[in-house]
Amino acid sequence: MSADNEELQSAFDAAIKTVRDEWLGHSVPMFINGEKIYTGDQYRTYSPMDTGINMCKAQKGSVEDTRIAIAAAQKAQRGWAATPWQDRVKILRAAAAKISDTLLELSAAMVFEVGKSRIEALGEVTETVDLIEYYADSMEKNNGFINEMGKYNPDDAKERNLSVLKPYGVWAVISPFNFPMALAAAPIAAALVTGNTVVFKGASDTAFMCWKTAEVFAEAGMPPGVFNYVSGSGSIVGQELLENPGIDGWTFTGSYDVGMKVVRQAGAGAFPKPAIVEMGGKNPAIVSDTADVEKAAYGVMRSAFGLDGQKCSACSRAYVHRDVYDSFKEKLTGLVAGLKIGDPTARDICMGTVINKTAYEKYQRSMALAEKDGRIIAGGKVLTEGKLAKGYYVEPAVMEGLPEDHELVKNELFLPILHLAKVDSLEEAMEKGNHTALGLTAGFFGEDKDQVDWFLDNIQAGTLY
């Protein structure tokens, strides 16, 4: 799309029209024990790019709905685990193919609901297919994870030792708003293909895309109870998924605070349960004195402001060597000024919206604080002219001059806000970059191989660029 592919862009235009005219505004169900469930209590969700656009009417699931879904998953689990893994793989591949069949429409719907640009939405839906296929491939490559081991006595023909992967039972998948399809479908697929049954809950802000994700699995041909989808409040449905003893493990993607609750719950019972948690990030980039400043500015800009900064992997702190600080800052602020912000259904938009009113107001509070305690050197304003007044549009913001212990430097904001800091040495940059409890990702810009190796050996983060 960035190569101005007219055929693809035209097809995306058509998909946008289809979604706008035919997909939006309807009731979307839950899915429990093989049946679509509509409750008497619903809530409406609206597009962040235009709050006059009703995405859907979603169901407010109850504690009882959640318990029924868990019980159905428990009942179905033994039969699903006994299903040959090859058959489970076939079902997942069919689900992936179904997503591919409506790739553009799903991407267009995501633009409406999340406020992503076209290329970001298309990237996520495509990645969703890849992730499902990855788990199917993994089962095949590892022969269902049934592996012959060595023998104590190599000459004993009767001795046979096996390592056999077994499912845990009922797996809860709780996913975030920012990647409503990829970060839901991937852990659902991983749990299902290995013989677990699933109860899925997504973010309330993205109820439409959560249902479109659930629908793929609901219609994949699994026995009733193998896959279940519940929607509603995190304090009601989410809490029940956290505390119900029928849940045998969790995959959670979201905030640090909630993720830590999941971890503590996993170890709170008579025996520990497995929990996969991916939480926040306050991610640094280090720009060396040997950096290609143009590449560094472009890379930091894309990481910080893609998806309006609403990614746990986004760069939110840049520590720049004093020898290149001024030139880096000039390049970066120039790039930021050139970013086109607006209706993300348009072809040439780089930044759409933040997700909701809460995020919009948090941005404004953060900018007031940045102006009070430091300096805003680029952006920092909300956009309210014309049609933009109907949505949650904000400028990418670059600030400097804040102390390291300032809340804007220390806490994850999940917004398009970047803090720059000048450092005298790479050692100083490393010390400050590592000073966080949220070491999810980190990046380095430098042209010296020894510096790159030093960065890789010393940075404390999970994913390195």
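**Exercise 1. Which residues of H1 and H4 meet, and how do the two helices cross?**

Start with the contact list. On the H1 side we have Leu 8, Ala 11, Phe 12, Ala 15, Ile 16, Thr 18, Val 19, Arg 20 and Trp 23, and they meet Leu 104, Glu 105, Leu 106, Ser 107, Ala 108, Ala 109, Val 111 and Phe 112 of H4. Sort those residues by class and you get 13 nonpolar, 2 polar and 2 charged.

Keep in mind that we're working on a predicted model.

Next, the geometry. H1 covers residues 6-23 and H4 covers residues 103-114; their axes come within 8 Å and cross at roughly 65°. Angles from 65 to 115 degrees count as roughly perpendicular, so H1 is roughly perpendicular to H4. As for handedness, H1 and H4 make a right-handed crossing.

**Exercise 2. Work out at what angle H5 and H6 pack, and which residues make the contact.**

Angle and distance go together here: H5 (residues 118-141) and H6 (residues 182-193) pack at about 15°, and their axes are 9 Å apart. Anything under 35 degrees counts as roughly parallel, so that label goes to H5 and H6. The crossing of H5 and H6 is right-handed.

Now the residues. H5 brings Glu 124, Glu 127, Thr 128, Leu 131, Ile 132, Tyr 135 and Met 139, while H6 brings Ala 182, Ala 185, Ala 186, Ala 189, Ala 190 and Val 193. By class, the H5 contact with H6 comes out at 10 nonpolar, 1 polar and 2 charged residues.

**Exercise 3. In what order do the 3 strands of the open sheet run, and which strands stand at its edges?**

Read off the order: E1-E5-E4, with mixed pairing. Strand E1 (26-27) and strand E4 (42-47) each have a single partner strand, so they stand at the edges, with one side of each lacking a neighbour in the sheet.

Zoom in on E1 and E5. E5 spans residues 50-59 and is joined to E1 by 2 bridges, the two strands running parallel. Within this part of the sheet, His 26 is opposite Cys 56 in E5.

Finish with the helix: H7 (residues 207-218) lies across E4 and E5, at about 45° to E5.

**Exercise 4. How many residues of E9 are buried, and which way do they point?**

Count first. In E9 (residues 197-201), 5 of the 5 residues are buried, so the strand is largely enclosed by the rest of the structure.

Then split by direction. Thr 197, Val 199 and Lys 201 point one way, and Val 198 and Phe 200 point the other way.

Last, the partner. Strand E8 (residues 170-174) runs parallel to E9, and 5 bridges join them. Ile 174 stands opposite Lys 201 in E9.

Notes:
Residues numbered from 1 in each chain as written. Predicted model: local features only at pLDDT ≥ 70, side-chain atom pairs only at ≥ 80, totals over all residues. Heavy atoms only, no water. Axes fitted to C-alpha atoms, helices over the stretch in contact; angles between N-to-C directions. Helix = DSSP H or I, 4+ residues; strand = E, 2+ residues; numbered from the N terminus. Parallel < 35°, antiparallel > 145°, perpendicular 65-115°, else oblique. Left-handed = near helix turned anticlockwise from the far one by under 90°. Contact = heavy atoms within 4.5 Å. Nonpolar A, V, L, I, M, F, W, Y, C, P; charged D, E, K, R; others polar. Pairing = 2+ DSSP bridges. Buried < 20%, exposed > 50% of the residue type's maximum accessible area, 1.4 Å probe, protein only.
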